[in-house]
Amino acid sequence: MEFELKTYCERIGLELSGNESETERLKKIHLHHITHIPFEAIEPYMNREVGVEPGQVFEKMVVNGRGGYCFEHNSLLCAALNAAGVKTYGVLARVAGPDGFGSHSHRMNIAEADGVRYVADVGYGGDCFVLPLEFKLDAEQSDGRNTYRVVKNDTPAVQYAVQILKEGKFTNLLGFDDVPAQECDFELSNFYTNFSPKSGFRMFLMCARPTMDGGKYTLFGKYASATDAEGKTEHFELEGEALRAFISDKLGVNMDGVEFELRG
């Protein structure tokens, strides 16, 4: 299907003039996407199927005003960037944990704008970079909120790692191979993430949305937080209609017709 770029841009609150360079288009789309379409994993939490076919993703996240997780977000971003003239392809990735990199349970994108390659990811949900990172090894890069770098990885699990600076030390955030993946690869990994009883998305409700002014809203189970532009964070414990209202009003998820119940 032909990607409806105008409708997508309306969804993310962006108006392209047509005079932007490829780099400007990439950065604007990345920033507006991640701040306007929330990270949310209600479907796997409620044991419902997450569709990653491009038409399904567009219908859910653009037309119906929902959010999604990495396989949805980065599928949509990839299609949007290609439609906007920024050559982009998807890669499988691994989330880093205390014991190293996990399974291929994440999707990222590699984009090329004005001859420069970038790592683009709007579907991580945690300390995800709101601006794409130059695929330039060992270069410290700030998105205005955190500092990151891309490094060559020293284990056989992945070729490259995205690292984040925390408490004066760079730690692994995501690992990936610079190899274009096929849609069937994402479908397979998504099935595990969606339905495996070991998937964190099956066990816990996780939602997040950074804001344009530098703030962020997050939700883990019934525990919510709101961070303002100055970095001040408030924490809440929510249930029932208050929880549903937070998901709708702060995270920006259209909850019309969405059956949802917090377990435990």
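The questions and answers below go from the chain to two of its residues.

Guide: This is a predicted model, in which local features need pLDDT of at least 70, side-chain atom pairs count only at pLDDT 80 or more, and totals for chains, interfaces and linings use all residues. Residues are numbered from 1 along each chain as its sequence is written, and side-chain values use heavy atoms, with hydrogens and water left out.

Visitor: How many helices and strands are there in the chain?

Guide: Helices (H or I, at least four residues) and strands (E, at least two) are DSSP runs, numbered from the N terminus. On that basis the chain has eight helices and 14 strands.

Visitor: What percentage of the residues in the chain is buried?

Guide: Buried means under 20% relative accessible area, exposed over 50%, and partly exposed in between (1.4 Å probe, protein chains only). Of the 264 residues in the chain, the buried ones make up 49%.

Visitor: Is R107 buried or exposed?

Guide: R107 lies in strand β4, which covers residues 106–113. Its relative accessibility is 2%, and therefore R107 counts as buried.

Visitor: Which residues does R107 touch, not counting those up to four places away in sequence?

Guide: Contact means heavy atoms within 4.5 Å. With that cut-off, R107 touches C70, F71, N74, S75, C78, G90, V91, D121, E183 and F186.

Visitor: With which side chain does the side chain of R107 make a polar contact?

Guide: A polar contact is a pair of N or O atoms within 3.5 Å; within protein, one must be able to donate a hydrogen and the other to accept it, and residues adjacent in sequence count only if both atoms are side-chain atoms. At 3.3 Å, the partner of the R107 side chain is the side chain of N109.

Visitor: Where is N146 found, and with which side chain does its own side chain make a polar contact?

Guide: N146 is found in the loop between β7 (141–142) and β8 (147–152). At 19% relative accessibility, this residue counts as buried. N146 is also in contact with D127, Q141, I164 and K166, leaving aside neighbours within four places in sequence. The polar contact of its side chain, at 3.5 Å, is with the side chain of Y148.
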